[in-house]
Every structure is written in C-alpha cells, then in structure tokens.
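Please consult the sequence and coordinates displayed below while reading.

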Amino acid sequence: MSKHPLCEAALAGNSSAFGAAYDQYASLVYGLLLRIIRDAQDAQEILQETFLSAWTNARKFDPERGSELAWLISMARSRALDRLRSRERRGQREQEAARQISTLRPNVDPLGNDPVAFREIRSAVRSALNELPDAQRSALELAYFDGLSQSEIASRLGEPLGTIKTRTNLAMKKLRERLSAFRRT
Amino acid sequence: MTHEEIQQLAALDAIDAATPEEVAELRRHLETCSECRRVANELNETAALIALSADPVAPPSQVRDELLREISRFDRARTEEMPVPRRTRQWWLAAAAAVLLVLLGWSAIQLRSLRQQERALRDEVARLKADRQKLSETIAALSGGRTIQLAGQAIAPSASARVFLDPSQRRAFVFFHGLPPNAGDKSYQLWIIRADQVAPQSAGVFNVDASGNASLVVQNLPVDTMIKALAVTLEPRGGVKAPTGEKYLVGS
C-alpha cells in the first residue's frame with residue numbers, strides 16, 4: 001500500500017484513486033475542522049478547498065518533512081484558523097455552534113471509515129493529552145483548536161506571557177516524547 | 001540563540017503560535033542546523049497527531065462529488081490552456097524534443113534523488129555521532145559512580161531498583177523492576193531523603209510498563225553525601241509535593 005496515496009494519485013492525474021484516498025482521510029480532517037470552526041457549512045467548504053489544494057499542489061509535498069496526513073491536516077487547520085479569525089474580526093461568531101454540533105452528532109461514525117490504526121493513534125493521543133497537567137493542556141488547546149496567540153492566551157488566563165510560552169513548550173515536548181512511536185519523522 | 005531556545009520556537013511554530021519574528025529567526029537557524037531541523041519536523045508531525053484527538057466525522061457525500069467535479073473542471077481548464085501543436089511541424093522534431101525532455105527530466109529526478117540521499121546520510125551520521133557521545137557519557141557514568149539498591153517493601157516484595165549516581169554531572173540513572181502496573185490515575189514517585197532536610201525531596205514521577213519496569217534520569221541531584229536514602233511511593237497521577245502513599249521501594 002502506498003505511503004502517499006493522495007499525492008501519488010494527484011501527480012498521476014488519477015481522480016478515482018484520489019477519491020479513494022479522500023475516503024481514507026476525509027472524516028479525520030472534517031472532524032478536526034468541525035472542532036475548530038464549529039460550523040458545518042464552513043467546515044465542508046474548507047474540506048473541499050483543502051483536498052483541491054492537495055490535488056493542485058501535490059508536487060510541493062515533501063515526505064521528509066512529515067506524513068501526507070500531517071501535510072493535509074496542516075493545510076486544513078491553517079485555513080480553518082484563518083476563517084475563524086476573519087469571522088471573529090467581523091464580530092459574527094455564531095452562537096448556534098452548540099446546536100450545529102449536536103445536529104451533526106448522529107453522523108459521527110466511530111467505526112466506519114476509521115481504520116484500526118487511526119483509532120489506536122487517537123486513543124494514544126487522548127491519553128497523552130490527558131496526562132498533561134491541566135494548565136499545560138489548556139494553553140496548548142487554546143492555541144491549537146482556538147487559534148489564540150500566546151499573548152491572547154496570557155491575557156485570557158491572566159498569566160504572564162512567559163508562563164504561557166513555557167507551558168505550551170512543555171506540553172509539546174511531552175507529547176513529542178509520548179507519541180514518538182506514531183511519528184514517521 | 002541556543003539550540004534549546006530554537007527548539008522551543010519550533011514547538012510554538014508547529015502549532016502556529018510563534019510570532020512572525022520568531023518564525024523568521026527559526027527558519028534562518030533551520031537552514032543550517034540539521035539537528036534542530038529534525039526536532040522541528042518531529043514537532044510538526046506531533047502537532048498533526050493532536051488533530052487526531054478530535055472525533056472523526058463522516059462529511060456529507062456531496063462534498064466528495066463536488067470535489068471530484070472541481071478536479072475534472074480544473075484539469076479541463078489546464079488542458080485547454082496548453083498550446084495546440086502545429087500540424088505543419090515535422091514529426092521527428094517533436095519526437096526528438098520529447099526524447100530530450102524525457103532525458104532531461106530523468107537526469108533531474110536522478111540528481112534530486114541523489115542529493116536527497118546525500119542529505120539524509122549526512123543527517124544520519126550526525127545523529128549517530130550524537131548518540132555515540134551520549135552513550136559514552138552514560139557508560140562512563142554508570143561504571144564509575146556509587147550505586148544504591150532499593151528493595152521491595154511488603155506491598156511489592158519482588159520489586160527492586162538500582163540507582164547509579166553520576167556526581168560529576170549531578171545526575172542519576174534509576175532502573176526499576178517488578179513494580180505492580182500503576183492505574184491510569186496514579187503515578188510512582190521517587191523521593192530523596194536528604195541528610196540536611198527533614199522533608200523528602202521529589203526526584204521524579206514515572207509510570208511502569210506492562211512488565212512493571214521503568215527507568216528515570218534524575219537531574220540536579222544533591223551532593224551524594226547528602227543523600228541519606230531513597231524511596232518510591234504510589235501517588236495521584238502527576239505526583240505530589242510530599243509523599244502520601246504507601247512505600248513500594250526503599251534503599252540507602
């Protein structure tokens with residue numbers, strides 16, 4: 001089985017193989033997008049943009065810098081955070097987020113389209129996150145899922161900027177050690 | 001900036017939390033430092049793994065349909081933009097150009113692949129040298145210093161541990177064996193009982209694997225004449241400031 005099915009399909013111009021690779025990754029990326037922007041329509045748009053960008057920019061993928069999924073997640077997350085920040089700038093953050101998420105829950109399929117390998121990784125990542133002290137996990141999640149800058153987190157939590165940077169660093173350091181078995185680099 | 005400071009910037013950059021100035025500084029350093037580049041790549045991959053903590057959600061099928069339609073539209077547009085070959089061109093000219101392009105392309109791919117291999121080998125050599133250096137230091141530390149044996153207590157009579165003190169670096173390597181596996185909400189904690197202090201000093205928190213084994217490197221060790229005894233207790237996950245749990249191992 002190819003290690004980079006999405007990019008190989010894109011480079012070969014093989015749309016049906018690309019569709020198969022999409023099936024492998026889409027629910028992981030879409031789950032992340034919903035967690036970040038909490039809006040199904042925005043999440044679907046970004047999901048489509050991300051995969052279209054993978055099709056057109058597959059040549060730019062460098063396997064030495066990480067896995068294909070990591071590349072895809074980085075593109076999707078960056079787009080989602082941009083959308084989140086522009087929405088916040090316009091003051092239009094929707095309050096119906098919770099309702100949207102709850103209507104989406106019936107679509108969550110923890111078994112279908114979620115290979116065993118991904119389930120194992122998810123379980124390990126969650127354990128590793130849970131093992132972090134609350135203060136470190138909170139600093140990390142505010143940066144990762146809410147896209148807050150270190151200064152914004154410091155101001156929100158009423159802590160010095162240096163403290164927040166140290167907590168984020170420690171959290172990343174611990175996760176890097178704990179999850180080494182699941183990395184390709 | 002030191003390598004450690006650069007790696008701290010890399011941790012922030014991996015989750016897009018570094019400032020533009022920090023990112024510029026980091027990029028400059030990574031261009032010339034293969035070790036920090038390796039750490040940065042690992043941190044980027046770790047950041048991607050965090051995404052997998054979110055529940056997977058199957059997107060509606062129309063997203064896939066629309067995506068594949070977009071792809072075919074995109075490809076059609078790209079094909080239409082390509083110049084139509086002139087029929088009057090002689091066939092051999094086109095064939096020669098095609099052969100030349102293939103050869104050029106093949107050479108470029110070969111060259112790129114060789115360069116990548118060379119870069120990977122250089123990185124590997126640097127990594128192995130660093131590992132060898134660390135290993136030599138560890139062996140020197142383990143063979144020269146004082147050792148302390150910790151014995152299992154009533155709750156875990158078959159458990160044991162050996163502490164290798166490395167006073168020159170103020171550190172110790174500790175290897176634990178046969179401890180009962182700790183539950184998810186508990187951690188083992190190593191304590192140093194000092195000759196000059198009443199309260200035990202925490203020397204680190206650890207979890208054991210399925211066989212009950214673990215290892216720990218203790219840094220900033222007190223001067224070894226100040227170490228009166230060592231003990232291991234079972235505590236709430238993450239450890240506590242002063243021991244509260246039962247002693248599993250004790251040694252002096």
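## Salt bridges within chain A

The side chains of Asp146(A) and Arg38(A) form a salt bridge with an N to O distance of 3.3 Å; a salt bridge here is a side-chain nitrogen of Lys or Arg within 4 Å of a carboxyl oxygen of Asp or Glu. Asp146(A) sits in the loop between α7 and α8 (150-157) of chain A and Arg38(A) in the loop between α2 and α3, so the pair ties together parts that are 108 residues apart in sequence. Arg38(A) is partly exposed, its relative accessible area being 29%; the classes are buried for under 20% relative accessible area, exposed for over 50%, and partly exposed in between (1.4 Å probe, protein chains only).

Glu131(A) and Arg178(A) are likewise joined by a salt bridge, at 2.9 Å from N to O. Because Glu131(A) belongs to helix α6 of chain A and Arg178(A) to helix α9, this pair ties together parts that are 47 residues apart in sequence. Glu131(A) is partly exposed at 35% relative accessibility, and Arg178(A) is partly exposed at 39%. A network of salt bridges links Asp42(A), Glu45(A), Glu49(A), Arg79(A) and Arg83(A). Over all chains, the count is 23 salt bridges.

## Basis of the values

The model is predicted: local features need pLDDT of at least 70, side-chain atom pairs count only at pLDDT 80 or more, and totals for chains, interfaces and linings use all residues. Residues are numbered from 1 along each chain as its sequence is written, chains are lettered from A and ligands numbered from 1 in the order in which they are written, and side-chain values use heavy atoms, with hydrogens and water left out.

## Architecture of chain A

Chain A contains nine helices and zero strands, where helices (H or I, at least four residues) and strands (E, at least two) are DSSP runs numbered from the N terminus. Of the 185 residues in chain A, 47% are buried. Contact means heavy atoms within 4.5 Å; among contacts in chain A between residues at least 6 apart in sequence, 65% join residues at least 24 apart.

Ala17(A) is located in helix α2 of chain A and is partly exposed, with a relative accessible area of 29%. Its C-alpha atom is separated by 9.9 Å from that of Cys7(A), ten residues away along the chain.

## Local features of chain B

Arg28(B) and Glu25(B) form a salt bridge whose closest N and O atoms are 4.0 Å apart. The two residues are three residues apart in helix α2 (residues 20-32) of chain B, which means that about one helical turn separates them. Arg28(B) is exposed, with a relative accessible area of 53%, whereas Glu25(B) is partly exposed at 31%.

His29(B) also lies in helix α2 of chain B and counts as buried, at 17% relative accessibility. Its side chain makes a polar contact of 3.4 Å with that of His3(B). A polar contact is a pair of N or O atoms within 3.5 Å; within protein, one must be able to donate a hydrogen and the other to accept it, and residues adjacent in sequence count only if both atoms are side-chain atoms. Leaving aside neighbours within four places in sequence, His29(B) is in contact with His3(B), Ile6(B) and Cys36(B).

## The interface between the chains

In the interface, 58 residues of chain A are in contact with 44 residues of chain B. The area buried between the chains is about 4,900 Å², of which carbon and sulfur atoms give 63%; buried area is the accessible area (1.4 Å probe) that two parts lose on being put together, summed over both. Gln48(A), Met172(A) and Arg176(A) supply 13% of the area that chain A buries against chain B, more than any other three residues.

Five salt bridges are counted between chain A and chain B. Glu22(B) forms a salt bridge with Lys165(A), with the closest N and O atoms 2.6 Å apart. On the side of chain A that touches chain B, α2(A) contributes the largest share, 14 residues.
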